[in-house]
Amino acid sequence: MSPDHSNLFKLFDKYKSETWYLPILNHVTTRYGEIESNLQGTFQMVTPDTSNRYTHSPVFSRIIKDIASTFGSALKEFVQSSGESYSDDICGYLKLIREYVPDIQNRSALFRFNEKTLLPFKRSNKDDPIPAWWNASNKLKHKEITYYREGNLENALNGVAALAIIGKIISHSVFVSTNLFANLGIAYAMDAIDVSKDRLLFP
């Protein structure tokens, strides 16, 4: 089965002409560039591979909190401006995204550094639809002294990849690829080699 690029742009097609839409896109684009650059800077100290997935630092913590702030601000503004009836929290934001991209949890990003695949919207576990990087950002926001280990490479990389995919969903063409990621937003069949254990950065 071929990788699925479809259904990514329904939200863009519906709202692209609204006057409030471009400021949201500009916000995500600008903040993404800053956040991605900050994450790239950490690669001089921590090699971004599977063996370092749990390496934690205050820099990763700041990046994760910046991702959540950008993600939340953009989707909060979208919900309020569009009149879409979703709750103003991560559960509502994910429900909104799934309305337009039902298989968001299967949407991937190829990490250019080592050609490994990320699934940044994967559920934290079978009972929790919220991605692990968002849960980490919440813990770091409220109890960083206790949960400082959540500020790690895995959560930072997955968070930046998630923001890149959101950028592609709302922009159509601006986020075709980024410095760190290619093949943004592709959904592979679950038995595809691209999402096999050997090909995932964080299996």
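**Close-up views of a predicted model**

**Figure 1. Lys116 is found in strand E2.** The model shown here and in the views that follow is predicted. Lys116 is partly exposed, with a relative accessible area of 24%; this places the residue in the intermediate class because buried means under 20% and exposed means over 50%. When neighbours within four places in sequence are set aside, the contacts of Lys116 are Ala109, Leu110, Phe111, Asp198, Arg199, Leu200 and Leu201. Within the sheet, Lys116 of E2 stands opposite Phe111. Thr146 lies 30 residues from Lys116 in sequence, and the two C-alpha atoms are 31 Å apart in space.

**Figure 2. Three strands form an open sheet in the order E2-E1-E3.** The pairing in this sheet is antiparallel. Strand E2 (116–118) and strand E3 each have a single partner strand and stand at the edges, so one side of each is left without a neighbour in the sheet. From one strand to the next, the twist averages 30°. Helix H6 lies across E1, E2 and E3, and runs at about 70° to E3.

**Figure 3. Strands E1 and E2 pair through 3 bridges in the antiparallel sense.** Two of the facing positions can be followed in this view. Ala109 stands opposite Leu118 in E2, and Phe111 stands opposite Lys116 in E2. The hairpin of E1 and E2 has 4 residues between the strands. Glu115 in this hairpin takes a positive phi near 60°.

**Figure 4. Strands E1 and E3 run antiparallel and are joined by 4 bridges.** Phe181 in E3 is the bridge partner of Phe111, while Ala187 in E3 stands opposite Arg107. E1 is mostly covered, with 5 of its 5 residues buried. This burial extends to both faces of E1: Arg107, Ala109 and Phe111 lie on one side, Ser108 and Leu110 lie on the other, and all are buried. E3 is likewise mostly covered, with 6 of its 7 residues buried.

**Figure 5. The largest nonpolar core contains 60 residues.** Leu39, Phe71, Phe121 and Phe181 touch the most other members of this core. At least two residues of the core come from each of helix H1 (10–15), helix H2 (21–42), helix H3 (58–82), helix H4 (90–100), strand E1 (107–111), helix H5 (132–147), helix H6 (153–171) and strand E3 (181–187). H6 gives the most to this core, with 12 residues. Apart from this core lies another of 6 residues, among them Leu119, Ile186, Ala192 and Leu200. In soluble globular proteins, nonpolar side chains tend to be buried together.

**Figure 6. Phe71 is one of the residues that touch the most other members of the largest nonpolar core.** Leaving aside neighbours within four places in sequence, Phe71 is in contact with the aromatic residues Tyr93, Phe121, Trp133 and Trp134. Its contacts also include Ile90, Ile97, Leu163 and Ile166. Phe121, a contact of Phe71, is likewise among the core residues that touch the most other members.

**Figure 7. The largest pocket has a volume of about 240 Å³.** Its lining comprises 17 residues, of which Leu119, Lys122, Ala132, Glu154 and Asn158 lie nearest the centre of the pocket. E2, H5 and H6 each supply at least two residues of this lining. The largest share, 3 residues, comes from H6.

**Figure 8. The largest cavity holds about 60 Å³ of space.** A search of the whole structure finds 3 cavities of 30 Å³ or more. Lining the largest cavity are Leu11, Tyr21, Ile24, Leu25, Ala74, Leu75, Phe78, Ile166 and Ile170. H2, H3 and H6 each supply at least two residues of this lining. Ile166, one of these lining residues, is in contact with Phe71.

How values were computed
Residues numbered from 1 in each chain as written. Predicted model: local features only at pLDDT ≥ 70, side-chain atom pairs only at ≥ 80, totals over all residues. Heavy atoms only, no water. Core = buried A, V, L, I, M, F, W, Y, C linked by side-chain atoms within 4.5 Å. Buried < 20%, exposed > 50% of the residue type's maximum accessible area, 1.4 Å probe, protein only. Contact = heavy atoms within 4.5 Å. Pairing = 2+ DSSP bridges. Axes fitted to C-alpha atoms, helices over the stretch in contact; angles between N-to-C directions. 1 Å grid on protein atoms, 1.4 Å probe; cavity = no way out; pocket = protein on both sides within 12 Å on 5 of 7 lines; lining within 4 Å. Points joined across faces, edges and corners; volume = space filled by probe spheres on them.
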